[in-house]
Amino acid sequence: LSIYEEVENTPAEILTEKQRKLQRQIFLSKSNLYMYKNKMDSMLITLNKGLQDAEMAHDTLALANAYLRLITIYTSWRMNKQTSQFIQKGLDVVDNVDDMRKLQILLTSGMSFHEQNKTDSALIMINRADKVIATNDTVLNNANSGIDYLYQYIKGWVYSSIPDSAAAAVKILEPVYKAYAPQAYQVTGMPVISYSLGQAYYNLGNKEKAQQLFDHAMDIVI
């Protein structure tokens with residue numbers, strides 16, 4: 001924390017523009033630390049301070065990163081008004097960031113819409129994500145971003161809730177399930193993938209396979 005604060009308090013006038021951009025990312029890292037320490041008030045104060053700084057500098061990358069974090073936080077807290085507010089802010093800058101960040105905004109927004117039972121809006125986000133990938137098929141190859149996992153996870157999750165898209169959901173989720181099932185207890189989102197794949201099989205009429213996957217999802221949760 002002391003290192004973050006030292007970087008944060010370094011006078012802007014002695015920094016290059018590149019260093020200033022890096023300095024603005026400190027707010028996100030600092031908020032991570034507060035989240036880890038379960039100091040949610042400090043986390044939100046830090047993120048809001050970072051937002052103000054990014055808005056003054058018109059730094060779309062810093063803004064996008066903060067919006068992504070706030071969408072995720074407010075979605076998990078079921079605070080739909082705030083979630084919708086930051087989804088809109090994220091979509092306002094989505095065309096001014098790199099393709100990987102663009103995908104992250106679209107997919108996270110899709111996940112949030114799905115959490116709110118706004119399936120049509122979630123599908124619009126997925127369709128927009130599909131178009132990004134269609135124009136840049138290498139964007140999913142960034143191993144460090146986890147974007148390929150996120151894309152399949154969210155797309156399959158939404159499709160599994162639509163009976164007519166059950167076959168498509170199985171096609172998307174089955175490889176993900178097989179790849180990550182051995183590390184199920186360590187992989188974020190694995191219970192959702194297990195359950196969603198089960199829901200897709202149930203919609204296809206394979207109730208035995210569905211029950212196995214439901215049981216696995218419950219085992220991971222417990």
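Is I220 buried or exposed? In this predicted model, I220 is buried, because its relative accessible area of 12% falls under the 20% limit for that class. The residue belongs to helix 12, which spans residues 207–221, and, when residues up to four places away in sequence are not counted, I220 touches A184, Y185, M190, P191 and S194.

After helix 3 comes N38, a residue with a positive phi, near 60°.

Ten salt bridges are present in the structure. In one of them, the side chains of E8 and K30 meet at 2.9 Å, N to O; since E8 is located in helix 1 and K30 in helix 3, the pair ties together parts that are 22 residues apart in sequence. Both partners, E8 and K30, are buried. A salt bridge is also formed between R20 and D53, with 3.1 Å between the closest N and O atoms. Here R20 lies in helix 2 and D53 in helix 4, so this pair ties together parts that are 33 residues apart in sequence, and R20 and D53 are both buried. In the salt bridge of D98 with R101, the closest N and O atoms are 3.7 Å apart; D98 counts as partly exposed because its relative accessibility is 36%, whereas R101 is buried, with a relative accessible area of 17%. Through salt bridges that share partners, E5, E8, K30 and K49 are joined into one network.

The largest pocket holds about 620 Å³ of space and has a lining of 22 residues, of which T72, Q104, T108, M111 and L150 lie nearest its centre. At least two residues of this lining are supplied by each of helix 3 (26–36), helix 5 (60–76), helix 7 (99–115) and helix 9 (147–160), and helix 5 gives the most, with six residues. By residue class, the lining of the largest pocket divides into eleven nonpolar, nine polar and two charged residues.

One cavity of 30 Å³ or more is found in the structure, and the space in the largest cavity amounts to about 70 Å³. Helix 3, helix 4 and helix 5 each contribute at least two residues to the lining of the largest cavity, with helix 4 giving the most, four residues. This lining divides into seven nonpolar, three polar and one charged.

Methods. Residues numbered from 1 in each chain as written. Predicted model: local features only at pLDDT ≥ 70, side-chain atom pairs only at ≥ 80, totals over all residues. Heavy atoms only, no water. 1 Å grid on protein atoms, 1.4 Å probe; cavity = no way out; pocket = protein on both sides within 12 Å on 5 of 7 lines; lining within 4 Å. Points joined across faces, edges and corners; volume = space filled by probe spheres on them. Nonpolar A, V, L, I, M, F, W, Y, C, P; charged D, E, K, R; others polar. Buried < 20%, exposed > 50% of the residue type's maximum accessible area, 1.4 Å probe, protein only. Contact = heavy atoms within 4.5 Å. Salt bridge = Lys/Arg side-chain N within 4 Å of Asp/Glu carboxyl O.
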